[in-house]
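Please look over this model with an eye to its sheets and the helices packed on them. The report below takes them in turn.

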Amino acid sequence: MKIEQIYTGCLAQGAYYIESNGEVAIIDPLRETQQYVDKANHEGAKIKYIFETHFHADFVSGHIDLAKKTGATIVFGPKAETNYDIYSAKDNEVFKLGNIKIKVLHTPGHTLESTTYLLIDEHDKNHAIFSGDTLFLGDVGRPDLAIKSNLTKEDLAGMLFDSLRNKIMPLEDYLIVYPAHGAGSACGKNLSKETVGVLGEQKKTNYALRADMSKNEFVEEVLDGIAPPPQYFAKNAMMNKSGYDAFENVLKRGDNALNPDEFENIANQEDALVLDVRNEKDFVKGYIPNSIFIGIHGGFAPWVGALITDLKQPILLVTPEGKEKETLTRLSRVGYDNTLGYLKGGIDAWKAANKDLETISSITAEQFSEQFKTDNVNTLDVRKDGEYKSEHLDGDSVKHFALDYINNNMNAIDKDKTYYIHCAGGYRSVIAASILKARGFNNLIDIAGGFAAIKQTGLATTDFVCPTTL
């Protein structure tokens, strides 16, 4: 028996390769599926099953493409309804894979069809659970993502309580826990940085598994502090339910090298969004007017999903050399399949063609500190709410809204005023500045190094939410 976790840091997502006696199961595959096919071929094995723990909301799964390539059966738990062929398993149904077995445990709560898969080894002994978004290390899945359901989040939270108590907690303490996500995922709020754990340890340390917790207490605690889901979640879940274009088609369509004139013409004719994925330090020095920055080196796909509201938006790319295919792949993971091409030669080709460039003013934290002490300048903090509440600059001129919700908060700042923008380290503030500049906010200055650098200057901070929080 072989179990391999294939973890993708950008999405904080774990897919799983399970092999026994020449037969393979893949659990929760990513959009790019050739990696699983190649691995099975290398091992001389055949992919028999594709198990999905639920309709994922934070990424587009590769189950449909993988089934077409391999002939494997797509398995969902009870209550899953799709627009393509699947096997809808019954609760407690057992699937044979080589010399091992995989048992279906229907665990609704995160979603109605959410399912945990119990692996039973060659000696007929329970070995591990693949818990999807039902159980994370340190947390459980948020119960507010059901697709077109009349159930409230409180209803689903109650179901999750029952699923954990009746299906998960009675299992042996020694079982290995393989969750679908780790820290950084928006599918929960207290996820551990660890990606593999032991059930007994979770029973001791996970707040949601407290033995003395009532259902009402569970519902209250699991819903407390959950931020609204990113706007792309429901759209990705629907793609996973209804189907999508083949990954290879998406890649072929976007792998279109364009010279500067072609790039500019398509941008104008197709009303395409120019997405620049270089490093923020390079972006601020010169970029194509009205383009948006989201750096490929950061939490790229989730930020694209949070900030670009239309999955069908035509996109043109400006990338570092050699990063074109990676960018297309990572866009497709969250359902952005309408990339029309990329700038051949990158920003250097644009400069060589004498095309217009924009810049974003950037100053050091030390320079900002002197300005702030003297003039009490307008400052915009775009960190998450929790970061801001934990500690922020002290002053009536300090405003805040999280980058996640920038599209809903632009009317809260004045285009005629100058704002010094910061996040924690400098990545998100440049995203925010690029979006604001594209919307006509021209008086913006980025603080390089963000709040971490600002703190080193000794400026006064407070852990209380100031009255001007937006």
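Tyrosine 49 stands opposite threonine 73 of strand 5. Strands of a sheet pair through backbone hydrogen bonds, either parallel or antiparallel.

Strand 11 (residues 176-179) pairs with strand 10 (residues 126-132) in the parallel sense, over 4 bridges. Here phenylalanine 130 faces tyrosine 178 of strand 11.

Strand 11 is also joined to strand 12 (residues 197-198), by 2 bridges. These two strands run antiparallel. Valine 177 has glycine 197 of strand 12 as its bridge partner.

Which strand order does the open sheet of 5 strands have? The order is 18-23-22-19-21, with parallel pairing. Strand 18 (361-363) and strand 21 (398-400) stand at the edges. Each has a single partner strand, so one side of each is left without a neighbour in the sheet. From one strand to the next, the twist averages 30°.

Strand 19 (residues 379-381) and strand 21 run parallel and are joined by 3 bridges. Leucine 380 has lysine 399 of strand 21 as its bridge partner. Helix 13 (residues 365-375) packs on this sheet. Helix 13 touches strand 18, strand 19, strand 21, strand 22 (419-422) and strand 23 (444-447). The direction of helix 13 makes about 90° with that of strand 18. Helix 15 (residues 427-438) lies across strand 19, strand 22 and strand 23. Helix 15 runs at about 170° to strand 23.

## Helix 10 and its two partners

Helix 10 (residues 300-307) packs with helix 11 (residues 324-332) at an angle of about 55°, with their axes 9 Å apart. The two helices are therefore oblique to each other. Their crossing is right-handed. Helix 10 supplies Phe300, Ala301 and Val304 to the contact, and helix 11 supplies Thr327, Arg330 and Leu331. By class, these residues are 4 nonpolar, 1 polar and 1 charged.

Helix 10 also meets helix 15. Their axes come within 13 Å and cross at roughly 30°. This crossing is right-handed. Phe300, Trp303 and Leu307 of helix 10 contact Tyr427, Arg428, Ile431 and Ile435 of helix 15. Of the residues in this contact, 6 are nonpolar, none polar and 1 charged. Phe300 takes part in the contact with helix 11 and in the contact with helix 15.

## Confidence

The mean pLDDT of the protein chain is 95, and 98% of its residues reach 70 or more. What is the pLDDT over residues 465-470? There the pLDDT is below 50. Beyond near neighbours in sequence, this stretch has 15 contacts in the model. Where pLDDT is low, the predicted coordinates should not be read in detail.

Terms used
Residues are numbered from 1 along each chain as its sequence is written. This is a predicted model: local features need pLDDT of at least 70, side-chain atom pairs count only at pLDDT 80 or more; totals for chains, interfaces and linings use all residues. Side-chain values use heavy atoms; hydrogens and water are left out. Axes are lines fitted to C-alpha atoms, for helices over the stretch in contact, and angles run from 0 to 180 degrees between N-to-C directions. Angles under 35 degrees count as roughly parallel, over 145 as roughly antiparallel, 65 to 115 as roughly perpendicular and the rest as oblique. A crossing is left-handed if the near helix is turned anticlockwise from the far one by less than a right angle, and right-handed if clockwise. Contact means heavy atoms within 4.5 Å. Ala, Val, Leu, Ile, Met, Phe, Trp, Tyr, Cys and Pro count as nonpolar, Asp, Glu, Lys and Arg as charged, and the others, Gly among them, as polar. Two strands pair if DSSP finds at least two bridges between them. pLDDT is the predictor's confidence in each residue, from 0 to 100.
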